[in-house]
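Please look over the structure below with attention to its sheet, its helix packing and its nonpolar cores.

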Amino acid sequence: MTDYLEWRGHENASDLTKARYQAGITYGLSIPDIARFEIGSIIGVLVNSTPTLFWMLAHIYSDLQLLAELRVELSLGSMKQTIAQDGSIKCTIDTPTLRQVFVLLSSTYQETLRFHIHNTSSRLVIQDTVLAKRYRLKAGSIILMPGANIHALPSIWGDDAHQFNPRRFLKSTPDADKNKLHPGAFRSFGGGVSLCPGRHFAATEICAAAAMFVSRFDMVAVDAKGEAVDWRLPAMEAGKITSSIPLPKGDVRVKVSARKDTGDWQWEFGFSRST
């Protein structure tokens, strides 16, 4: 990364990369320091966001009822359609409001994190503490809290904790008020003072990408000959220390095709307001 910046590679990169580089220069950072910050950014943007989007789309397309419901929700939500003089259609997804409007999409995203996360939060005990009148934690000890274990507890998530339920986080379900979760139960972004500051950005980019993909494309699982087969979600790779969401274990063969009714539209992301 240091060589990349010294060779001025960032000058041909995205506006975001250029802006981050300029911010580093403005505040007196050296090229090696800017490179270190960029590595951290790459890890945050790619290591977790990309596999999260993969698993989210895999769950959506392997459940035809969910796919159909999401497409109805998206068609009725905050997507603006305009028709040009040549008859072409442009559809704009309003990014800042999509998680408030597309509630099933948002719930599916949250359930994807709950179901696949394997991060671990850590805390340093600064003074002797007794939890729940049972557990004595000595000062200087390190406490590890594995997210996957917490997310699999039936006592928190119900008897279907080991199943993928895309409607789990809908607030309009009959038992929503009765079964409110403790705010610390959802560990996908950590918690407390170390709660991920980029969680809203990550949620927006992943849900926006999923919304556009679901609206534009059909996707089916195929075998080595390209013939359609039933969906079988792959196993997950063993965990890596830099990632919270594991990659699929092995390649996944799919066939992606543009939808007949929306595939030829022009698509863009819009920003009506900040949230």
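The report that follows takes these topics in turn.

## Basis of the model

This is a predicted model, in which local features need pLDDT of at least 70 and side-chain atom pairs count only at pLDDT 80 or more, while totals for chains, interfaces and linings use all residues. Residues are numbered from 1 along each chain as its sequence is written, and side-chain values use heavy atoms, with hydrogens and water left out.

## The sheet

An open sheet of mixed pairing is formed by 3 strands in the order E1-E2-E9; helices (H or I, at least four residues) and strands (E, at least two) are DSSP runs numbered from the N terminus, and two strands pair if DSSP finds at least two bridges between them. Strand E1 (79–83) and strand E9 (266–270) stand at the edges with a single partner strand each, so one side of each has no neighbour in the sheet. Neighbouring strands are turned by 25 degrees against each other on average, direction ignored.

E1 and E2 pair in the antiparallel sense over 5 bridges, with Met79 opposite Ile93 in E2. Their hairpin has 5 residues between the strands, and Gly87 takes a positive phi near 90 degrees there. Strand E2 (residues 89–94) pairs with E9 in the parallel sense over 5 bridges; Thr92 stands opposite Glu268 in E9, and Asp94 opposite Gly270 in E9.

## Packing of H3 on H4

H3 and H4 pack at an angle of about 105 degrees, with their axes 6 Å apart; axes are lines fitted to C-alpha atoms, for helices over the stretch in contact, and angles run from 0 to 180 degrees between N-to-C directions. The contact (heavy atoms within 4.5 Å) is made by His59, Ile60 and Tyr61 of H3 and by Leu64, Leu66, Leu67, Leu70 and Arg71 of H4.

## Nonpolar cores

A nonpolar core is a set of buried Ala, Val, Leu, Ile, Met, Phe, Trp, Tyr and Cys residues joined through side-chain atoms within 4.5 Å, where buried means under 20% relative accessible area (1.4 Å probe, protein chains only). Of the 39 residues in the largest such core, Ile60, Tyr61, Leu105 and Tyr109 touch the most other members. Helix H3 (31–61), helix H4 (64–76), E2, helix H6 (103–116) and H9 each supply at least two residues of this core, and its largest share, 10 residues, comes from H9.

Apart from this core lies another, of 5 residues, among them Tyr21, Ile31, Ile34 and Ala35.

Conventions: Buried means under 20% relative accessible area, exposed over 50%, partly exposed in between (1.4 Å probe, protein chains only).
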